[in-house]
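Take a look at the fold before reading on. This report walks through its core and its helix packing.

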Amino acid sequence: MPPPPTASVLFVCVHNAGRSQMAAGFLTHLAGDRIEVRSAGSLPAEQVTPATVEAMKEVGVDISAERPKVLTTEAIRASDYVITMGCGDTCPIFPGKHYLDWQLDDPAGQELDAVRPIRDEIQRRTEALIAEIDANQQA
């Protein structure tokens, strides 16, 4: 039986159709079962944006089966880290959580060429988040 996850992370953006889906895809891909991953949106879209799915496929991460989910207080309570991406004041704050706000362009309505740099920045930040979680676990 694998060990339990060392931490849980919730990625939040307004529509849960681009940035938060890419971040969740990268974290799942890079950390595997070591970190529990969630994503949600304050006003979820009908589907993940096609350019987002395509951009992630280019780097070997398949998020085509993902669907936008509504943000719940239960998801926030169950997470150690809450990473917001442009959802502003719609995220409730609970004590004892690590909150980070990643200012990133919204890939909604963008062509693939415009989504790639957003994807690459999300990958960089996700790798740094994994390193931070690992360092906190060893402290």
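## About the model

This is a predicted model, where local features need pLDDT of at least 70, side-chain atom pairs count only at pLDDT 80 or more, and totals for chains, interfaces and linings use all residues. Residues are numbered from 1 along each chain as its sequence is written, and side-chain values use heavy atoms, leaving out hydrogens and water.

## The cores

The largest nonpolar core has 29 residues. A nonpolar core is a set of buried Ala, Val, Leu, Ile, Met, Phe, Trp, Tyr and Cys residues joined through side-chain atoms within 4.5 Å. Buried means under 20% relative accessible area, exposed over 50%, and partly exposed in between (1.4 Å probe, protein chains only). Val9, Phe11, Ile83, Met85, Trp102 and Leu129 touch the most other members. β1 (7–13), α1 (19–31), α2 (50–58), β3 (81–84) and α4 (112–138) each supply at least two residues of this core. Helices (H or I, at least four residues) and strands (E, at least two) are DSSP runs, numbered from the N terminus.

A second, separate core has eight residues, including Leu10, Leu71, Ala75 and Ile76.

Back to Phe11. Leaving aside neighbours within four places in sequence, its contacts include Ala23, Leu27, Ile83, Trp102 and Leu129. Contact means heavy atoms within 4.5 Å.

## α1 against α4

Two packed helices are described by the angle between their axes and the distance between the axes. α1 and α4 pack at about 45°, with axes 9 Å apart. Axes are lines fitted to C-alpha atoms, for helices over the stretch in contact, and angles run from 0 to 180 degrees between N-to-C directions. α1 and α4 are therefore oblique to each other. Angles under 35 degrees count as roughly parallel, over 145 as roughly antiparallel, 65 to 115 as roughly perpendicular and the rest as oblique.

On the α1 side, the meeting residues include Phe26, Leu27 and Leu30; α4 brings Ile118, Ile122 and Ile130, among others.

## α2 against α4

Which residues of α2 are buried? They are Ala51, Thr52, Val53, Ala55 and Met56. Their cover includes α1 and α4. Just after α2, Gly60 takes a positive phi of about 80°.

The axes of α2 and α4 come within 9 Å and cross at roughly 60°. That makes α2 oblique to α4. Ala51, Ala55 and Met56 are among the α2 residues that meet α4, where the partners are Leu112, Val115, Arg116 and Arg119.
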